[in-house]
Amino acid sequence: MSSGPIKIAVLDDYQGISEPKYQKLDPSTYEVSFFKDTLSPYDHPDTVQDVKDKLVARLEPFTVISTMRERTPFPKELISRLPNLKLLLTTGNRNLGLDLEAFKERGIPVAGAVDRAHAGSVGSISTTEHCVALILAAARNIAQDDFSVKTGGWQTVPAVSLRGKIFGTVGLGRLGIAVAKIMHLAFGMRIIAWSSNLTQDAADGKARAAGFSVENDDGEKTFKVISKEELFKTADVVSIHLVLSDRSKGSIAAADIALMKPSAIFVNTSRGPLVVEKDLQDALDQGKIRAAALDVFEKEPLPLDSRWRTTKWGQDGRSRVLLTPHMGYVEEATLDAWYEQQIENLLRWEKKEDLTTPLY
């Protein structure tokens with residue numbers, strides 16, 4: 001280690017929750033810099049070399065980097081350009097934006113962080129609540145009507161009831177089940193599901209685990225597995241709950257969206273790149289479906305000139321669009337606990353002790 005203070009960069013903490021924790025560190029030992037403005041991802045195809053170099057210039061001086069989940073990805077090429085980096089601290093217990101093999105090759109330890117006091121909140125309860133809120137807001141025109149009232153207007157368009165309608169979940173993992181369970185119990189929605197490897201037997205097991213009978217009194221499956229095409233054709237709400245991978249990236253495209261009912265609502269709280277963004281935008285621009293509610297995007301934060309920001313959604317025949325800035329997991333208690341654990345790992349690393357929640 002150098003004789004001077006250990007230089008720490010804290011990235012992408014938009015709410016500033018980390019600052020009081022890192023500022024408690026001894027300034028004679030630690031020199032902490034905070035960067036709330038997220039630069040374009042190094043590995044994004046639209047990121048030009050000058051912007052890549054700007055990111056390198058920002059990060060190159062630091063020995064320790066704290067990052068918030070996937071907000072700033074660290075691909076192998078970027079890691080190779082950071083010769084001073086000795087420790088990477090991230091939040092959560094998984095970060096798909098990190099090339100862990102590249103970190104391992106360089107001998108740079110990577111530690112995650114979990115919310116010990118609220119186990120299961122991130123990735124499940126928090127995102128489930130946000131997803132259900134988006135579905136209801138889209139069905140009830142909450143954002144549009146709020147804006148109308150605040151700008152001198154009154155009612156806009158009729159709301160749509162979810163009672164007894166069909167909820168289609170693309171993916172039936174922990175989040176897909178959690179949201180489907182709420183929509184079924186609260187509104188009597190019928191649940192249909194698809195993912196590439198999902199079988200009816202597996203869905204029946206998931207129904208039992210969720211506390212449901214496998215079939216209702218009419219003999220209909222509680223979680224009915226159907227084809228992808230049938231799901232997009234019949235669902236009144238299509239909600240995406242897939243894990244992003246090379247195989248799933250771009251798996252929702254124009255042909256799928258074209259099958260949706262004109263009255264349907266499309267919801268994505270998983271990851272933006274699961275959907276071919278231009279295909280969804282084109283369909284919404286032509287008013288092909290009732291609405292979309294999105295918490296995630298192909299590129300985050302959204303550029304100021306993003307089509308999502310600049311289009312007059314809900315006007316001139318366009319679909320209504322509800323946007324939130326990737327808030328599904330952003331709860332104060334959880335973020336607070338994550339940064340507490342980052343500090344703990346930082347101190348353990350300096351003492352050459354084992355880190356908690358190592359990612360490799």
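**Charged and aromatic contacts**

Lys150 and Asp146 are about one helical turn apart, because four residues separate them in helix α6 (residues 142–150). Their side chains meet in a salt bridge, with 3.2 Å from N to O. The model is a predicted one, and it holds 18 salt bridges. By the rule for ring pairs, the count of aromatic pairs comes to seven.

**Salt bridges**

- Side chains of opposite charge can pair when their charged atoms come close.
- Asp146 has a relative accessible area of 37% and is partly exposed.
- Lys221 forms a salt bridge with Asp204, and the closest N and O atoms are 2.9 Å apart. This pair links distant parts of the chain: Asp204 is in helix α8 (200–209), Lys221 is in the loop between α8 and β8 (223–225), and 17 residues separate them.
- Asp204 has 7% relative accessibility, under the 20% cut-off, so Asp204 counts as buried. Lys221, at 24%, counts as partly exposed.
- Arg348 and Glu353 also meet through their side chains in a salt bridge, at 4.0 Å from N to O. Arg348 is partly exposed at 25% relative accessibility, and Glu353 is partly exposed at 39%.
- A network of salt bridges links Lys278, Asp282, Asp285, Arg307, Asp316 and Arg318.

**Aromatic pairs**

- A pair of aromatic rings is described by the distance of the centres and the angle of the planes.
- Among the seven aromatic pairs is the one formed by Phe212 and Phe223, which is edge-to-face, with 5.9 Å centre to centre and 80° between the planes.
- Phe212 lies in the loop between α8 and β8 and Phe223 in strand β8, so that the pair links distant parts of the chain, eleven residues apart.
- Phe223 is buried, with a relative accessible area of 0%, and Phe212 is buried at 13%.
- Trp308 and Trp313 form a tilted aromatic pair, with 5.6 Å centre to centre and 40° between the planes. Trp308 counts as buried at 2% relative accessibility, and Trp313 is buried with a relative accessible area of 14%.

**Charges over rings**

- Lys52 lies over the face of Tyr42, at 5.2 Å from the ring centre.
- Arg69 lies over the face of Tyr329, at 4.5 Å from the ring centre.

How values were computed:
Residues numbered from 1 in each chain as written. Predicted model: local features only at pLDDT ≥ 70, side-chain atom pairs only at ≥ 80, totals over all residues. Heavy atoms only, no water. Helix = DSSP H or I, 4+ residues; strand = E, 2+ residues; numbered from the N terminus. Buried < 20%, exposed > 50% of the residue type's maximum accessible area, 1.4 Å probe, protein only. Phe/Tyr/Trp six-rings, centres within 6.5 Å; stacked < 30°, edge-to-face > 60°. Lys NZ or Arg CZ within 6 Å of the ring centre and 35° of its normal.
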